Amino acid sequence: MKRFDYIRAASASEAIAASAHPNSVYLAGGTNMLDLMKIGVARPDRVIDISRIEGLSEITWQDDGGVRIGALVRNADLAYDGRFARTFPSVAEALLSGASAQVRNAASVGGNLMQHTRCAYFHDPASACNRRVAGSGCDAREGENRLHAVLGWSEHCIATHPSDFCVPLVAFDANVEVEGPHGSRDIKLWEFYSLPGSTPDHVTALQPGELIVAVKIPAASAAFAPNARYLKLRERTSFAFAVVSCAAALQIDGGMIQSARIALGGVAARPWRCQGAEAALIGVEPGREAFEKAASLALADAHPSGDNAFKIELARRIMVRALTLAMEGTPETMPALPASPFPSESGARHVA
Amino acid sequence: MSLSISTIINGEPRSIAIDDPRVSLLDLLRERLDLTGTKKGCDRGQCGACTVLVDGRRVNACLTLAVSVDGAEVTTIEGLARGDLLHPVQAAFIEHDGFQCGYCTPGQIMSAIGLIQENHAGSDPERIRELMSGNICRCGAYQGITEAVLEAREAMSEKNRSDAA
């Protein structure tokens, strides 16, 4: 690991001022940043520890029923917060399907948003990667790419965004509250991540020095609580990133879908909101026929970026299944294996 | 640059000068404090061999900067037994053959203590396995580990009941 100066910030304004130094990074839980520093992908000159900043670790309910989640709230603390898990069950399910208990105990909400792709070529400083070093090329195009993007990719980058948490957040119109040298602003999470285009090194909408201070979910999204699920296909039962995942939520009244929220994970450089599919579900009877039609619409523009054509059909099927689970209703208690496609009845069987 | 931290390690208050901010909590424990019970496996948060409790929460010591535990309380495998009296989780791992080579065991035991204290698994083996998935055992002693966690949880709640009485 390259040497760096360590600064512990006592306030957001102190952190932002300290970040004026070139090649600075913010450090919260460290579960992604320290890993990237160990392998030489992140090589900061200055590390600004924001984990002690007061006032960023609260879950605050707004008068209208929306929620503001401080950027330093730990992933585990959010997922196990009773009111949060009841109000946004699919967000809690997504959180608990990610990483391990140890990582969730350390990782912060803001850090979850800022984590980098797990593309192996991004992680290998000896490989060409336009995301890591602008203009260096993309070894993933001709490499091991069966888990790479099928939507929104470009010839310059085919990486996917790894977060589970962000998938239902995008579906629920979450906003990212940031503070920076020029004041504070809100950014829609959907617009927070850039698609690679010809500049894959531009990953987020953050300007230099800007610091995430909170994530906000609007009150309207709480209405989906009775029918909201997250489903995640992994290559092992637990502690793995999604091959494909889907957040699906429905409002059903009088046997008809009044409103739908759908987003896919593991398919693009950002969590992929599927508004066309949502619109196609309004006013129709929930069921396989409607869900298959919506899923086909959602994947209509998908193209393989390598050996990953299977992910398109997989995403379609995962979406149908997630919508079916949402229709059946949010379970009373969190499944033993959150977001897993395996049956979750309790007992001695490990994998059905 | 030298940074000084105050921390309580296994109940003992310590003041430690950190001469390099790159030092992880894992390397501090092993290389500086001679607490080699905490193991280095992958050093990237993927295997769980370095699991310790920081302020009672299980975390990966390899992904924690030593400077960041300033003011915190750290518990390692060396802080569990009282003389020859093993912690209930240690005793249960022996009773149920929860290991073979033993390299992952300190991390497994610290993680199991964290899991029992978090209290999200109850006595459901499926939930225990899911919430222990951050600890890899390449010998494959998972069946014994699950049984050990189940029994230790029972023993610890019985002890709590008798302590309260």
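**Aromatic pairs, with some background**

Reply: Chain B has an accessible surface of about 7,300 Å², and 48% of that belongs to carbon and sulfur atoms (Shrake-Rupley method, 1.4 Å probe; for residues, only the protein chains shown count as cover). A caution before going on: this is a predicted model, so local features need pLDDT of at least 70 and side-chain atom pairs pLDDT 80 or more, while totals for chains, interfaces and linings use all residues. Residues are numbered from 1 along each chain as its sequence is written, chains are lettered from A and ligands numbered from 1 in the order written, and side-chain values use heavy atoms, with hydrogens and water left out.

Chain B comes to 5 helices and 5 strands (DSSP runs, H or I of at least four residues for helices and E of at least two for strands, numbered from the N terminus). Of its 165 residues, 52% count as buried, meaning under 20% relative accessible area with a 1.4 Å probe and protein chains only; over 50% is exposed, and in between is partly exposed.

Now for chain A. It has 12 helices and 12 strands, and buried residues make up 57% of its 352 residues. Its accessible surface is about 14,000 Å², 49% of it from carbon and sulfur atoms.

On to the rings. There are 6 aromatic pairs over all chains. The rule takes rings of Phe, Tyr and Trp (its six-membered ring) with centres within 6.5 Å; planes under 30 degrees apart are stacked, over 60 edge-to-face, and the rest tilted. One pair is A:Trp61 with A:Phe88, stacked at 6.4 Å centre to centre with 5 degrees between the planes. A:Trp61 lies in strand E4 (residues 59–61) of chain A and A:Phe88 in the loop between helix H4 (82–87) and helix H5 (89–96) of chain A, so this pair ties together parts 27 residues apart in sequence. A:Phe88 has 0% relative accessibility, so it counts as buried.

Another pair is A:Trp190 with A:Trp272: the ring centres are 6.1 Å apart and the planes at 80 degrees, so this one is edge-to-face. It links distant parts of the chain, with A:Trp190 in helix H9 (residues 189–192) of chain A and A:Trp272 in strand E12 (residues 272–273) of chain A, 82 residues apart. A:Trp190 is partly exposed at 25% relative accessibility, whereas A:Trp272 is buried, at 16%.
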